[in-house]
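Subject: Structure for you to look at

Hello,

Here is the structure I promised to pass on. Please open it first, then read my notes below.

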Amino acid sequence: MIRFDEQQQVFHLQNDQISYLMQVESGGFLTHLYFGKRLSGYRGSRRYPRTDRSFSPNLPGASDRLFSLDTLLMEYPGYGFGDFRQPAFQIRQADGSQTTDFRYLSHTIEAGKPSLPGLPATYGSDDEVETLVISLKDEVSGLELQLSYALFAGRPVIARSAKFINDGDSNVVLEQAGSLALDFPKRDLELIQLNGTWARERQLTRERIETGSKVLDSKRGSSSHQQNPFVALAAPETTEFSGDVYGMCLVYSGNHQTVVQKDPFDQIRVVMGINPFGFSWQLASQESFQTPEVLLVYSDQGLNGMSAAYHDLINKQLVRGRYKEEPRPTLINNWEATYFDFDKDKLVAILDEAQALGIEMFVLDDGWFGVRSDDRMSLGDWFEFEGKIAGGLKGISEEVHRRGMKFGLWFEPEMISENSDLFRTHPDWAFSVPGRQPALGRDQLVLDFSRQDVRDNIYAQMSAILDNCQIDYIKWDMNRNMTDVYSQLLSSERQGEVAHRYMLGLYDFMEKLTTAYPEILFEGCSGGGGRFDAGFLYYMPQIWTSDNTDAVARLKIQYGTSLCYPISTMGSHVSAIPNHQTGRNTSLAIRGNVAMSGVFGYELDLSALSLEEKAEIAQQVAFYKEHRQLLQFGRFIRLQDPFVQNDVAWMFVAPDQSEALVFYFRVLAEAAYPLIDLKLAGLTPDAVYDVEGQAYTSEELMYAGLYIDPELSGDYATERFYLKRL
């Protein structure tokens with residue numbers, strides 16, 4: 001799939017869907033030529049024209065003024081040698097200079113995909129992936145730069161990353177180390193990004209790219225509620241079903257930055273990677289630094305085409321372990337039912353109801369450890385709250401399993417309370433700057449997970465719990481952003497490494513824990529969706545999508561999340577009304593339909609419901625179990641967008657197109673509402689489908705459309721229908 005044309009000095013990465021072209025230009029500079037729909041061949045049409053641009057410096061020793069890095073489409077641009085646009089990296093040399101001059105040295109092409117030591121990454125066998133590694137050299141400093149491109153067979157995906165190797169005699173400092181740079185020639189493109197806040201995560205924003213720079217980032221120590229590490233660039237005419245779109249997803253869970261820059265000649269550059277704010281890395285002689293990878297996707301089938309590529313890749317070549325493609329159980333979580341106020345009797349009452357309704361797992365949330373009666377104490381003390389639950393965790397676990405259900409438990413391993421035994425013993429284990437009182441968030445501090453001794457202590461405490469009773473599921477939470485980021489073990493000149501070393505320590509911890517307990521289903525959480533990223537999915541196959549369980553709010557949250565991340569990764573629960581986050585009252589029908597468009601569960605007091613409500617929940621659980629494979633691993637197709645209209649719709653289609661489920665939601669009712677003609681997608685051509693007892697051709701369903709029931713009434717209305725190919 002990867003070829004190098006010696007005569008043209010062109011690399012052509014090509015499968016049956018995409019092509020990616022680079023050229024070793026005059027002087028050994030690696031330039032970008034093309035990324036997009038597959039080209040059968042290349043004969044030089046995109047060689048960059050020679051022209052004299054005023055105030056564009058030329059290379060040393062140049063015989064004319066026609067070649068400058070200032071306007072050239074670069075593959076991985078640096079700074080200080082004529083390119084004044086956004087660099088992909090910055091290096092401070094031993095003499096204080098920041099000029100680098102990387103020229104082509106060599107390349108290798110190999111079957112398969114090497115892992116990235118210490119970092120999450122996609123994977124693939126020798127017949128699934130080919131990897132190109134291009135080595136460039138800065139002869140003066142002795143630095144080597146290795147650019148990695150992994151091309152997947154049958155997928156419009158390239159995984160890119162960079163590695164810096166210091167083969168020189170002097171230490172240098174990395175002040176920026178991007179994972180990807182991608183240059184586009186003059187073209188009208190729009191930026192699609194996912195921003196938000198707590199309880200309003202991954203809100204889709206689409207905007208025209210104008211001249212200048214736009215920075216999308218997180219400095220919060222996590223991928224964050226506020227800005228997801230994913231962007232897409234789309235042609236203005238691109239819709240969900242047609243048009244060009246280029247997706248970029250960073251496989252990393254910490255501080256990140258994406259810069260989108262349009263230069264005066266209307267060329268667009270995107271740089272994505274670790275956030276350079278507050279970052280510096282001492283790279284000693286003979287040491288190396290590996291960046292996280294970016295998953296680069298091209299689709300000419302619109303946003304749904306891009307999403308399908310990401311969903312399939314993440315499910316099959318990023319997520320690992322027992323639950324990689326195994327259906328996930330339905331669950332009941334006690335948090336919104338009891339908060340901290342629970343005992344064995346309350347839990348058993350919920351448990352009995354859950355068993356009767358067919359729910360498969362009971363999850364005990366916050367409040368079971370230390371002396372945790374509220375959120376101001378005991379984080380870091382991962383031993384049982386003596387006397388709170390009669391019979392302890394082992395007893396409640398046995399109660400759960402006696403009923404044929406699974407048992408889950410909540411942890412927040414990265415945090416520490418000042419009012420805890422662990423803090424009283426090891427106050428230096430929490431992030432704090434010497435001489436300054438640290439800021440509290442939710443009355444807690446952040447443990448320094450860059451430290452091995454901290455990780456060893458927390459691991460020993462957690463494993464003692466896990467070894468004492470049968471636990472089938474862990475909800476891994478993180479309920480504050482990082483401040484006072486300072487490690488007591490590192491010297492002053494290395495404090496810029498702490499945030500990234502924290503992530504490397506966290507990844508090391510999760511690798512060790514998930515390997516030691518492969519039967520446990522892990523779900524990531526960070527105050528809901530504050531760390532919903534591809535990096536976390538490498539260790540935990542699902543993530544709590546948002547603390548906001550309101551069905552109407554979740555329409556946008558789950559719609560935006562689906563742009564990159566598959567449905568099988570989205571924890572989604574039915575909760576009580578009035579909703580605890582919005583105060584909104586919605587029917588069980590819409591709460592159920594929204595929640596089952598994810599990994600399905602409940603978060604309410606089942607014992608407080610009416611008989612009618614329990615009967616409806618039992619029907620929802622039975623329906624979800626019957627169609628769970630389709631809902632969790634079928635192709636998800638967005639039909640109508642909640643960000644631009646009142647009517648929302650999406651559907652799930654089986655891989656062989658033999659069946660499908662369609663969900664429709666209307667947010668607000670209006671008098672004399674227009675009839676809604678819903679056009680479906682993804683069905684087998686020239687086929688006939690049964691829709692709730694009526695046969696229709698696939699073409700009429702996709703092109704003519706199907707009317708939504710005009711008798712739907714009231715706000716927050718919903719309809720669901722099942723299709724079976726005849």
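Start with a loop. Asp-266 sits between strand S16 (256–262) and strand S17 (268–274). Its backbone is worth a look: phi of Asp-266 is near 65°, a positive value in a residue other than glycine. Most residues other than glycine have a negative phi, and most peptide bonds are trans. Keep in mind that this is a predicted model.

The peptide bond from Ile-577 to Pro-578 is cis. Its omega is near -5°. Where is Pro-578 found? Look in the loop between strand S29 (570–575) and helix H10 (588–595).

Now the helix pairs. Two packed helices are described by the angle between their axes and the distance between the axes.

Take helix H3 (residues 344–357) and helix H4 (residues 392–402). Their axes cross at roughly 15° and come within 11 Å. Angles under 35 degrees count as roughly parallel, so H3 is roughly parallel to H4. The crossing of H3 and H4 is right-handed. On the H3 side, the contact uses Lys-344, Leu-347, Val-348 and Leu-351. On the H4 side, Ile-396, Glu-399 and Val-400 meet them. By class, this contact has five nonpolar residues, two charged and no polar.

Next, go to helix H6 (residues 452–468) and helix H7 (residues 498–516). How far apart are their axes? The distance is 11 Å, and the packing angle is about 25°. H6 and H7 are therefore roughly parallel to each other. Their crossing is right-handed. From H6 come Arg-455, Asp-456, Ile-458, Tyr-459, Met-462 and Leu-466. From H7 come Gly-505, Asp-508, Phe-509, Lys-512, Leu-513 and Ala-516. The contact of H6 with H7 divides into seven nonpolar, one polar and four charged residues.

Last, the empty space inside. Rolling a probe the size of a water molecule over the atoms shows where empty space is left. How many cavities of 30 Å³ or more does the structure hold? There are five.

The largest cavity holds about 210 Å³ of space. Its lining has 19 residues. Which of them lie nearest its centre? They are Met-74, Tyr-76, Pro-77, Gly-78 and Phe-102. The lining of the largest cavity counts 13 nonpolar, four polar and two charged residues.

The second largest cavity has a volume of about 60 Å³. Find it by its lining: Tyr-48, Pro-49, Arg-50, Thr-51, Arg-53, Ser-56, Leu-66, Phe-67, Ser-68 and Thr-71. Those residues divide into four nonpolar, four polar and two charged.

Best wishes

Conventions
Residues numbered from 1 in each chain as written. Predicted model: local features only at pLDDT ≥ 70, side-chain atom pairs only at ≥ 80, totals over all residues. Heavy atoms only, no water. 1 Å grid on protein atoms, 1.4 Å probe; cavity = no way out; pocket = protein on both sides within 12 Å on 5 of 7 lines; lining within 4 Å. Points joined across faces, edges and corners; volume = space filled by probe spheres on them. Nonpolar A, V, L, I, M, F, W, Y, C, P; charged D, E, K, R; others polar. Axes fitted to C-alpha atoms, helices over the stretch in contact; angles between N-to-C directions. Helix = DSSP H or I, 4+ residues; strand = E, 2+ residues; numbered from the N terminus. Parallel < 35°, antiparallel > 145°, perpendicular 65-115°, else oblique. Left-handed = near helix turned anticlockwise from the far one by under 90°. Contact = heavy atoms within 4.5 Å.
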